[in-house]
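Hi,

Here is the structure I promised to send over. Have a look at it first, and then read on for my notes.

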Amino acid sequence: MADSVEPALHTGLPHGVPVLIACSGGAASVALAAAAARDGVPCSIGHVDHGLRPESADEAEGVRELARQLGVQFFMHKIKGLNIRDAGLEAAARTARYAALAGLARSARTPAVATAHTRRDQAETILLRLIRGAGPGALAGIRRRRELAPGIELFRPLLEVSRAATEAYCAARGLRWFDDPHNVDPARARARLRALWPALLQLNPRLEEALAGAAATFAEEDELLNALANAGAHLHPALRRRALLAAASEQGARPERKHLEAIVRLLERGEGAIDVPGGRAVVKFERRRSPPDRSGEVAVPAPGRYHWASRALEVEAKPGAGVDVDVTQAPFPWTLRGQRPGDRYRPAGGRSKKVADLWIDARVPREERGALALLSDAHGRVFWVEGLRPGAACGRGSHSFRLRPEMKPSDGPLPSRRRHESRSATMRPRPDEESR
């Protein structure tokens, strides 16, 4: 079993990118830290002390000693004044922990954080969410990768590795770990579920693998539903709920099922408003706009050279030829086009806003905007906008592109275009984006 830990890092962590390993001192996180260091991953160790138990200081020193043994840097944050009044202990601790890890990643100057959630954690999460009546998005379970904070990605490379395998890895290498007494505290729902686990195995001896596999299926379907929900107007009720959730998420709201049902009733009625957790939903109808003119769109199914509005897009299946793109985040086919009303975009390190507003913020002259290009991926998501910072899918990856003016040798330069390209190369975040 111990042999399954290190191979998981090869597919679960970004290559050549420094990673902060979140290490609590438990077997799984100790195994992850040791495996990353042994495998040559450029890494450091981050530890968050919640200060909830007297022995937490000793455990923090144990993780510091592990970092010293592995020859990697150690970063630590102690949480003070945990507010459990609204969310409860577990949720408050989790929120504070991830915020602390984002801060430690900035201190370590790394764009990636890895946590040691295992296949057993995934299986327990699915069961707990089923018991609480969760929908298909929640049943996708713990995600293998997500944004932790602007410019920082969170990775979970051990989601297909059993907890027993991490313990075997530590035992085989003489690595010490701590058992958190909260894991067997009957006041916690997860601990009570763990006490029932032997009985559940009588129903299915491979329950852990079955539930983790179901989570992977739900995650794929969740991605598909999100893509379809972005597609437009007359939606199946399931897609309509998904579209509402996506719209709410962009604004930081967190509607529950009862709120979504109320919003649907407002849609049927034609107008109205309700408060939802994190915001307010307002329904109003406007005059139908004419469908967008897509005559200026160019499909980009694969690397090659494409022509658009007297410009030439050159896409290569290698990095370094212009703007690098991670095609796992921005899959083909791409679409090269101009801006449409309502287009939204999230520059790296910024927040999602309408493209028109971002151009205004960047002081792009109005007369130039109609000639600027956008690239969207197979799901219709805009991942690059001319004149703005590249999105999260850009900056590193297996492919690259450049957009050139198509000029004959006798042609002169395009002054306004060159002025704009020069400006975009030196663009800086707005103050409010730098602080997020």
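**Notes on the model**

Ala309 sits in the loop that links strand E10 (304–308) to strand E11 (311–316). Before I go on, please keep in mind that this is a predicted model. I picked out Ala309 for its backbone: it is not a glycine, yet its phi is positive, about 50°. For context, most residues other than glycine have a negative phi, and most peptide bonds are trans. Ala309 also counts as exposed, because its relative accessibility is 53% and the cut-off for exposed is over 50%.

Arg109 is another case of a positive phi in a residue other than glycine, with a value near 55°. You will find Arg109 in the loop between helix H4 (89–108) and strand E4 (112–114). Is Arg109 buried or exposed? Arg109 is exposed, with a relative accessible area of 75%.

**Two prolines in loops**

Next, have a look at Pro333, in the loop between strand E12 (323–325) and strand E13 (334–337). The peptide bond that joins Phe332 and Pro333 is cis, with omega at about 0°.

Pro347 is also worth a click; its loop runs between strand E14 (344–345) and strand E15 (353–354). Pro347 has a relative accessible area of 4%, so it counts as buried, the cut-off being under 20%. Which residues does Pro347 touch, leaving aside those up to four places away in sequence? They are Leu358, Arg389, Pro390 and Gly391.

**Two helix pairs**

Two packed helices are described by the angle between their axes and the distance between the axes.

Take helix H2 (residues 27–38) and helix H6 (residues 163–172) to begin with: they pack at about 60°, and their axes are 8 Å apart. That angle makes H2 oblique to H6, and the crossing of H2 and H6 is left-handed. From H2, the contact uses Ala27, Ala28, Val30, Ala31, Ala34, Ala35 and Arg38, while H6 brings Thr166, Glu167, Tyr169 and Cys170. By class, the contact of H2 with H6 has eight nonpolar residues, one polar and two charged.

Then there is helix H5 (residues 119–131) with helix H7 (residues 189–203), where the packing angle is about 105° and the axes are 11 Å apart. H5 is therefore roughly perpendicular to H7. On the H5 side the contact is made by Arg120, Asp121, Ala123, Glu124, Thr125, Leu127 and Leu128, and on the H7 side by Ala189, Arg190, Leu193, Arg194, Trp197 and Leu200. The residues in the contact of H5 with H7 divide into seven nonpolar, one polar and five charged.

**The chain as a whole**

How many helices and strands does the protein chain have? There are 14 helices and 18 strands. The protein chain has 436 residues, and 42% of them are buried. Among contacts with a separation of 6 or more, 68% are between residues 24 or more positions apart. The chain exposes about 23,900 Å², and 52% of that comes from carbon and sulfur atoms.

Happy to go through any of this with you on screen.

Cheers

Methods: Residues are numbered from 1 along each chain as its sequence is written. This is a predicted model: local features need pLDDT of at least 70, side-chain atom pairs count only at pLDDT 80 or more; totals for chains, interfaces and linings use all residues. Side-chain values use heavy atoms; hydrogens and water are left out. Axes are lines fitted to C-alpha atoms, for helices over the stretch in contact, and angles run from 0 to 180 degrees between N-to-C directions. Helices (H or I, at least four residues) and strands (E, at least two) are DSSP runs, numbered from the N terminus. Angles under 35 degrees count as roughly parallel, over 145 as roughly antiparallel, 65 to 115 as roughly perpendicular and the rest as oblique. A crossing is left-handed if the near helix is turned anticlockwise from the far one by less than a right angle, and right-handed if clockwise. Contact means heavy atoms within 4.5 Å. Ala, Val, Leu, Ile, Met, Phe, Trp, Tyr, Cys and Pro count as nonpolar, Asp, Glu, Lys and Arg as charged, and the others, Gly among them, as polar. Buried means under 20% relative accessible area, exposed over 50%, partly exposed in between (1.4 Å probe, protein chains only). Accessible areas come from the Shrake-Rupley method with a 1.4 Å probe; for residues, only the protein chains shown count as cover.
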